[in-house]
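Here are a few notes to read alongside the model. Take them in any order you like.

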Amino acid sequence: MRWFYFILLLTSSNCFAETSVEYYQNGIQHVLNGHHHKSGVLYEAKTPKQILHLATLDWPPYIGSNLCNKGWVYQFSIALLNSKGYSVYIEFLPWARAVRNVELGKADILMPEYFIEDTAPSDYVNGKTRRELLGLSNSFKGGEIAFLKRKGDKDRFTGNLKSLKGQKIGVVRGYQNTPEFDAMMDNNEFEIITSVDDLQLVQLLVAKRVDLIIGDPDVLKFSVYYSSLSKSEKNTLLSSIEKENTPLQYNPLYFAISKLTPNWLLVLEDINEGLYQFHNSGEIDRIINTTNTQCKP
């Protein structure tokens, strides 16, 4: 999946504009129309088991409030949960706030999430690990994690994270990256500078406040294009960065369910069953391909 396939944005500046979701189940087409609800959008099931409150972020090209069809992860997540009989209330938040809300039980599901190690500490509940607060689903399609550098700089990453000890590395606050990197970061083996989002991360790199930044290269590049910066500012940022030659790893995506959600184990079971069904039927690929086709320039 290439980030520039998603450069068609919704012309409306209203992130709550109604977006329809379409999926097929057992050969039957389902079309859902959301409507503005509280600070997000509600998609109602005909006879819902319960309403699930999803907390997500602007993370193009996967998902975004102003993306064409709001991105394939948005379409897929609502379709999957609706197929299991749930109404879905979804809102876009800064990632750190989305994490906090789900870990504290103020929202039910955090998505899309990377794998969470058993030992990863919560930033919001003292003495608790994230996995004590969240149940993690089976995985679905994700993307690459790599280091980005300033264009023309020598590669710093040799394939062994120990080669980066003492380096100044930019990360988005609240993001999981890879288990090894996160463990070394928690152990203060890198000098970490945090940003609020992917755009600010790129700006930190270009401004020489960090040596490297870590993330999904497609997301980091698209965050620049997707921003409100001028065309010349976008071009300057994009022409000033490049990916290091050695990738870190491929990261699949997950749903993380708050253990304070009523019937959270049943919700987790339903999600995993839905993931299997959508994968087995080819529906997840159909949603991705349809979104890509509709949103090409």
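1. Let's start with the cavity. Its lining comes to 15 residues, and those nearest the centre are Trp59, Pro112, Tyr114, Tyr175 and Gln176. A cavity here is a set of points on a 1 Å grid, over the protein atoms alone, where a 1.4 Å probe fits but cannot get out, and lining residues have an atom within 4 Å of a point. This largest cavity holds about 120 Å³ of space, and the structure has one cavity of 30 Å³ or more. A volume is the space filled by probe spheres set on the points, which are joined across faces, edges and corners.

2. A word on what you're looking at. The model is predicted, so to speak of local features pLDDT must be at least 70, and side-chain atom pairs count only at pLDDT 80 or more, while totals for chains, interfaces and linings use all residues. Residues are numbered from 1 along each chain as its sequence is written, and side-chain values use heavy atoms, with hydrogens and water left out.

3. How confident is the predictor? The chain's mean pLDDT (the predictor's confidence in each residue, from 0 to 100) is 92, and 94% of its residues reach 70 or more.

4. Two cis peptide bonds are worth a look. One joins methionine 111 and proline 112, with omega about -5°; proline 112 sits in strand 7 (residues 109-113). The other joins proline 60 and proline 61, with omega about 10°. Proline 61 is in the loop between strand 5 (51-56) and helix 1. Strands (E, at least two residues) and helices (H or I, at least four) are DSSP runs, numbered from the N terminus.

5. That loop between strand 5 and helix 1 also holds asparagine 69, whose phi is positive, about 55°, although it is not a glycine.

6. Is serine 137 buried or exposed? Serine 137 is buried, because its relative accessible area is 4% (buried means under 20%, exposed over 50%, partly exposed in between, with a 1.4 Å probe and protein chains only). Among the residues that serine 137 touches are Tyr254, Phe255 and Leu268; contact means heavy atoms within 4.5 Å.

7. Compare valine 196, in the loop between strand 11 (191-195) and helix 5 (198-206). Valine 196 counts as exposed, because its relative accessibility is 59%.

8. Finally, helix 9 (residues 283-294): its buried residues include Ile284, Ile287 and Ile288. Part of what covers them is strand 1 (20-25) and helix 8 (264-281).

How values were computed
On a 1 Å grid over the protein atoms alone, a cavity is a set of points where a 1.4 Å probe fits but cannot get out, and a pocket is an open set with protein on both sides within 12 Å along at least five of seven lines; lining residues have an atom within 4 Å of a point. Lists of a residue's contacts leave out its neighbours within four places in sequence.
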